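Let's take a walk through this protein together, with the sequence and the 3D view side by side.

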Amino acid sequence: MNDQSAAHGFTSVDSQSQPAEWVRVLDRLGAEPFYAAYKQRLQELLGAKPGEVFLEVGAGAGDAAVALRSCYGAEVVAIDSSVTMIGQARARGLSHAAVADAHRLPFGARRFDGAWADRVVQHVADPFRALDELLRVIRPGGRVALADPDYDTQVLDIDDQDLARRVLRFRADRALRNGSLAHQHAGLLSARGLGDITVEARTLVVRDPSAVDNVMGLRTWAHTAASRGYLDPEDADRFVVQFDDAVRTGRFMYAVTFFLTAGTLPTHGAAPTSAL
């Protein structure tokens with residue numbers, strides 16, 4: 001776990017200078033075919049049925065919660081730490097949407113038939129506590145699904161591969177709190193007594209540097225790293241030159257793998273155990 005003082009913007013949307021821009025970031029990413037496809041698959045892994053009640057933690061603007069309700073006939077309760085995001089979720093048709101902390105969910109135990117968190121665990125301050133809270137509110141036999149990119153899997157084609165790796169490591173180890181935890185999600189669920197655990201890998205491959213919200217701002221990562229003392233400013237400048245050259249020559253390629261992990265809580269009366 002990486003507890004950085006300069007956390008990613010999604011950890012503090014409401015304190016950003018333009019919080020509505022983060023809503024637009026989610027909208028832009030949600031329109032990408034890769035994101036739409038994996039989000040649909042994540043919901044399939046929940047096995048929702050009409051009349052059941054599900055929880056989405058870190059729901060953002062609420063589009064996924066609306067989709068689950070529409071496609072499967074299940075009711076959805078959505079929570080997010082951002083007032084801005086929850087305001088959007090309500091405006092988009094979610095009546096059961098509230099501001100709440102993933103580490104302290106405002107629900108009784110065994111309240112939901114299932115729950116999911118999409119690109120959330122990478123941002124929370126304490127992923128283990130947040131996962132324990134998520135499992136606490138799911139009924140025995142209920143399903144949980146998690147999705148996150150694992151930034152240990154990144155690759156970028158520029159001339160200086162050592163420089164590329166240093167910038168990508170900054171993204172994995174400094175720019176995100178838990179940027180390389182996704183490949184451990186299955187183990188975390190298993191340690192907490194879940195069964196029927198599945199893991200699916202989806203690799204995002206980007207050849208167009210303007211796609212995926214400008215590859216999540218990849219061109220700026222080196223200068224961000226330099227501003228935090230992680231990289232020399234000269235190396236940051238050199239990274240941008242090589243990035244632009246890769247784009248100009250048609251060489252540009254970036255990839256990162258997302259892991260979709262799902263499991264079933266035990267059907268017996270005992271609640272899942274914390275691994276802490």
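Helices here are DSSP runs of H or I with at least four residues, numbered from the N terminus. By that numbering, Val212 belongs to helix 8, which covers residues 211-217. Please keep in mind throughout that you are looking at a predicted model.

Val212 is not a glycine, and yet its phi is positive, at about 50°. What does its accessibility say about Val212? With a relative accessibility of 4%, Val212 counts as buried, because the cut-off for buried is under 20% relative accessible area. Met216 is found in helix 8 too. Its phi is also positive, about 60°, although Met216 is not a glycine either. Met216 has a relative accessible area of 17%, so it is buried.

Next, turn to a pair of helices earlier in the chain. Two packed helices are described by the angle between their axes and the distance between the axes. Helix 2 spans residues 33-46 and helix 3 spans residues 63-72; their axes come within 11 Å and cross at roughly 55°. That angle makes helix 2 oblique to helix 3. If you follow how one passes the other, you will find a right-handed crossing. Which residues make the contact? Helix 2 contributes Lys39, Gln43 and Glu44, while helix 3 brings Ala64, Ala67, Leu68 and Tyr72.

After helix 3 comes Gly73, which has a positive phi near 75°.

Strand 4 leads us onward. In the loop between strand 4 and helix 5 sits Gln122. Is Gln122 buried or exposed? It counts as buried, since its relative accessibility is 4%. Leaving aside residues up to four places away in sequence, Gln122 touches Asp148, Pro149, Tyr151, Leu176, Arg177 and Asn178.

The relative accessibility of Asp132 is 19%, so Asp132 counts as buried. To get a sense of distance, look from Asp132 to Gln40: the two are 92 residues apart along the chain, and their C-alpha atoms are separated by 25 Å.

Our last stop is another helix pair. Helix 6 (residues 161-175) and helix 10 (residues 233-248) have axes 11 Å apart and pack at an angle of about 105°. The two helices are therefore roughly perpendicular to each other. Where they meet, Leu163, Arg166 and Val167 of helix 6 face Asp235, Arg238 and Phe239 of helix 10 in contact. The residues of this contact divide into 3 nonpolar and 3 charged, with no polar ones.

Key. Residues numbered from 1 in each chain as written. Predicted model: local features only at pLDDT ≥ 70, side-chain atom pairs only at ≥ 80, totals over all residues. Heavy atoms only, no water. Axes fitted to C-alpha atoms, helices over the stretch in contact; angles between N-to-C directions. Parallel < 35°, antiparallel > 145°, perpendicular 65-115°, else oblique. Left-handed = near helix turned anticlockwise from the far one by under 90°. Contact = heavy atoms within 4.5 Å. Buried < 20%, exposed > 50% of the residue type's maximum accessible area, 1.4 Å probe, protein only. Nonpolar A, V, L, I, M, F, W, Y, C, P; charged D, E, K, R; others polar.
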